[in-house]
Amino acid sequence: YGIYRFTLDAERGRLSAPEPFLPVQDSKFLALREDGLLASVVKRRYGAGLFLARIREIPCAQNETMTEDGSGCHVVLSGTHAYTANFHSGTVSCYRLTDTAPVLEHMISIAPEAGCHQVLLHNELLLIPCMELDEIRLFSAKDYAPQGAIAFPAGSGPRHGVFGRTHQNLYVAAEKENAVYCFGVHAGAFEPEQRVPLLDSSSSGCNETAAIRFSPDERFLYVSVRGANRIVVLACTADGLQVIQRVSCGGDHPRDIALSPDGRFVLSVNRYSGDLTCFPRDPASGRIGEQCSKVSVPEGVSIVFDAQMKGEEE
């Protein structure tokens, strides 16, 4: 497989049939910078590492670097750097971006099977959720020195997190207990404020919470739960988080979800059923409506929108 491209009708929520775009093997996650630089993890016969493409150029300039033993599960772009997290090796590769190929600047080694599942950027820190350690490890973004950890309850499995634009709060999806944790950020410290279960007790055995996304106005959070095949909507209020809706993802195993840039639609890429589903969204209430479009995608795992091109790559 690889990276596919399709378009979303901004008025009706109709998806075009995905078409092959870039032949990137084992592309488990995508990141897109504002200038059109697309990043992906990649695996080839001769190694694994980081793939980059300038998708708004014709022809599309591409380069990659193979410095890892196995492909990662997450990538993020930040100015002059890119970072990939590797779940099984328990490492994070830190790349410096150049005019040619990316250069491996440093590799953070935490522990084999640590479950490193993401890299979050906060001021001069790198935050690395380690699902199997029940921690978020903190490192300096300048010299990569350890800066402590955020502890979670045993067996919670922190997977992915998001900051608001002001970085006053950190929200973390815990895969193994189907919950969202909220931390207040005060003077560089992360103070636990709230834990919100995502499912009712009858669904508690489905321990596969995955993606967490903000609405454009940051009034709502959207979380996918793969085992239950649900998208859970949470309102962010002055009194904290509150679950306001649970809806079907329209398929099996929603590995990733994404909101359209205008906030009018929610997309779910469902890996096991091999499809991409689209739902209308009410920006005022945050609630998701009935499915309005569905197309086939082989083992989809990640979605990004390119608003400038009026479409998206998946």
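View 1. The structure is a predicted model, in which local features need pLDDT of at least 70 and side-chain atom pairs count only at pLDDT 80 or more, while totals for chains, interfaces and linings use all residues. Residues are numbered from 1 along each chain as its sequence is written, and side-chain values use heavy atoms, with hydrogens and water left out. Val41 belongs to strand E4, which covers residues 37-44; helices (H or I, at least four residues) and strands (E, at least two) are DSSP runs, numbered from the N terminus. When neighbours within four places in sequence are left aside, Val41 is in contact (heavy atoms within 4.5 Å) with Val24, Gln25, Asp26, Ser27, Lys28, Phe29, Gly49, Gly72, Cys73, His74, Val75 and Thr84. From C-alpha to C-alpha, Val41 and Asp200 are 35 Å apart in space, and they are 159 residues apart in sequence.

**View 2. The largest nonpolar core, which has 18 residues.** A nonpolar core is a set of buried Ala, Val, Leu, Ile, Met, Phe, Trp, Tyr and Cys residues joined through side-chain atoms within 4.5 Å. Which residues touch the most other members of this core? They are Tyr171, Ile212, Leu221, Leu234 and Leu241. Two or more residues of the core come from each of strand E16 (169-174), strand E17 (179-186), strand E19 (209-214), strand E20 (220-225) and strand E21 (230-237). Apart from this core lies another one, of 16 residues, with Leu125, Leu127, Ala174 and Phe190 among them. Leu221, not counting residues up to four places away in sequence, touches Val162, Tyr171, Ile212, Arg213, Phe214, Val232, Val233, Leu234, Cys236 and Leu241.

**View 3. Strands E19 and E20, an antiparallel pair with 4 bridges.** Two strands pair if DSSP finds at least two bridges between them. E19 is mostly covered, since 5 of its 6 residues are buried. Within this pairing, Ile212 has Val223 in E20 as its bridge partner. The hairpin of E19 and E20 has 5 residues between the strands, and in this hairpin Glu218 takes a positive phi near 60°.

**View 4. Strand E21 and the strands that pair with it, E20 and E22.** E21 is mostly covered, with 6 of its 8 residues buried. With E20, strand E21 pairs in the antiparallel sense over 6 bridges, and Val225 stands opposite Arg230 in E21. The hairpin of E20 and E21 has 4 residues between the strands, and Asn229 in this hairpin takes a positive phi near 55°. With strand E22 (residues 240-248), E21 is joined by 8 bridges, and these two strands also run antiparallel. The bridge partner of Ile231 in E22 is Val247, and the hairpin that E21 and E22 form has 2 residues between them.

**View 5. Aromatic pairs, of which a search of the whole structure finds 3.** A pair of aromatic rings is described by the distance of the centres and the angle of the planes. Rings of Phe, Tyr and Trp (its six-membered ring) pair if their centres lie within 6.5 Å, and planes under 30 degrees apart count as stacked, over 60 as edge-to-face and the rest as tilted. The rings of Phe152 and Tyr181 are edge-to-face because their planes stand at 80°, with the centres 5.2 Å apart. Phe152 lies in the loop between strand E14 (146-151) and strand E15 (158-163) and Tyr181 lies in strand E17, so this pair ties together parts that are 29 residues apart in sequence. Phe152 and Tyr181 are both buried, and ring pairs link Phe152, Tyr181 and Phe183 into a cluster. Tyr171 and Phe214 also form an edge-to-face pair, because their planes stand at 85°, with the ring centres 5.6 Å apart. Tyr171 is in strand E16 and Phe214 in strand E19, so the pair ties together parts that are 43 residues apart in sequence. Tyr171 is buried, and so is Phe214.

How values were computed:
Buried means under 20% relative accessible area, exposed over 50%, partly exposed in between (1.4 Å probe, protein chains only).
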